[in-house]
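Reader: Could you go through this model with me before I set anything up? I would like to have the conventions first and then the details.

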Amino acid sequence: MAGFSIVMLTLLFAWPLLLVVAVFYLTFETAALVVTSPAFPFIIAAMVAGTLGTANVAIVLWRRYKNPEGAKLSLRSFTWTYVWYAISFVACCIAVYFAGVAIIGLFSQTA
């Protein structure tokens with residue numbers, strides 16, 4: 001009877017640690033799968049295009065801040081931003097598709 005209570009107490013206090021270990025394992029396994037899948041170049045392309053779009057917004061707004069009497073801000077001022085964000089969106093959609101195929105393939109494997 002005492003052995004049973006020691007095991008139960010161990011499980012009671014150890015399950016949060018085991019849960020954290022399991023979540024980290026699944027996270028790293030999925031990350032490794034995505035990095036080795038065809039989705040990885042598209043993830044990188046989406047991140048780079050999004051960063052360039054955000055940098056373009058910062059440049060346009062900084063120029064406006066430094067020269068308030070210059071050209072007024074308009075939607076046309078952000079043309080390259082739209083282009084970069086569109087490229088980022090398309091690359092992200094392709095990456096999500098490829099990553100989804102890879103992850104579904106991981107969990108559909110039979111042992």
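This is a predicted model: local features need pLDDT of at least 70, side-chain atom pairs count only at pLDDT 80 or more; totals for chains, interfaces and linings use all residues.

Reader: What span should the 28 residues of helix 2 have?

Author: At 1.5 Å a residue they should span 40 Å, and the end C-alpha atoms of helix 2 are 41 Å apart, which agrees. The expected span is 1.5 Å times one less than the number of residues, and helices are DSSP runs of H or I with at least four residues, numbered from the N terminus.

Reader: And how many residues does helix 3 have?

Author: Helix 3, residues 79-107, has 29 residues and reaches 42 Å from its first C-alpha to its last, close to the 42 Å expected.

Reader: Which residues of helix 2 are buried?

Author: They are Ala 39, Ala 46, Ala 49, Gly 50, Gly 53, Asn 56 and Val 60, where buried means under 20% relative accessible area, exposed means over 50%, and partly exposed is in between, with a 1.4 Å probe and protein chains only. What covers these buried residues includes helix 3.

Reader: Which are the buried ones in helix 3?

Author: In helix 3 the buried residues are Thr 81, Ser 88, Ala 91, Ala 95, Ala 99 and Ala 102.

Reader: How far apart are the C-alpha atoms of Val 83 and Gly 50?

Author: They are separated by 9.9 Å, although the two residues are 33 residues apart along the chain. Val 83 belongs to helix 3 and counts as partly exposed, at 34% relative accessibility.

Reader: Where is Phe 78, and is it buried or exposed?

Author: Phe 78 lies in the loop between helix 2 and helix 3, and it is buried, with a relative accessible area of 17%. Leaving aside neighbours within four places in sequence, Phe 78 is in contact with Val 57, Val 60, Leu 61 and Leu 73.

Reader: Where is Asn 67 found?

Author: Asn 67 is also in the loop between helix 2 and helix 3, and at 41% relative accessibility it counts as partly exposed. Its C-alpha atom is separated by 25 Å from that of Val 83, 16 residues apart along the chain.

Reader: Changing topic, how many disulfides does a search of the whole structure find?

Author: The search finds zero disulfides, a disulfide being a pair of cysteine sulfur atoms within 2.5 Å. For Cys 92, the nearest cysteine sulfur is that of Cys 93, 6.0 Å away. Cys 92 is partly exposed, with a relative accessible area of 37%, and Cys 93 is partly exposed at 38%.

Reader: Last one, where does Leu 9 lie?

Author: Leu 9 lies in helix 1, residues 2-35, and counts as partly exposed at 46% relative accessibility.

Notes:
Residues are numbered from 1 along each chain as its sequence is written. Side-chain values use heavy atoms; hydrogens and water are left out. Helices (H or I, at least four residues) and strands (E, at least two) are DSSP runs, numbered from the N terminus. Contact means heavy atoms within 4.5 Å.
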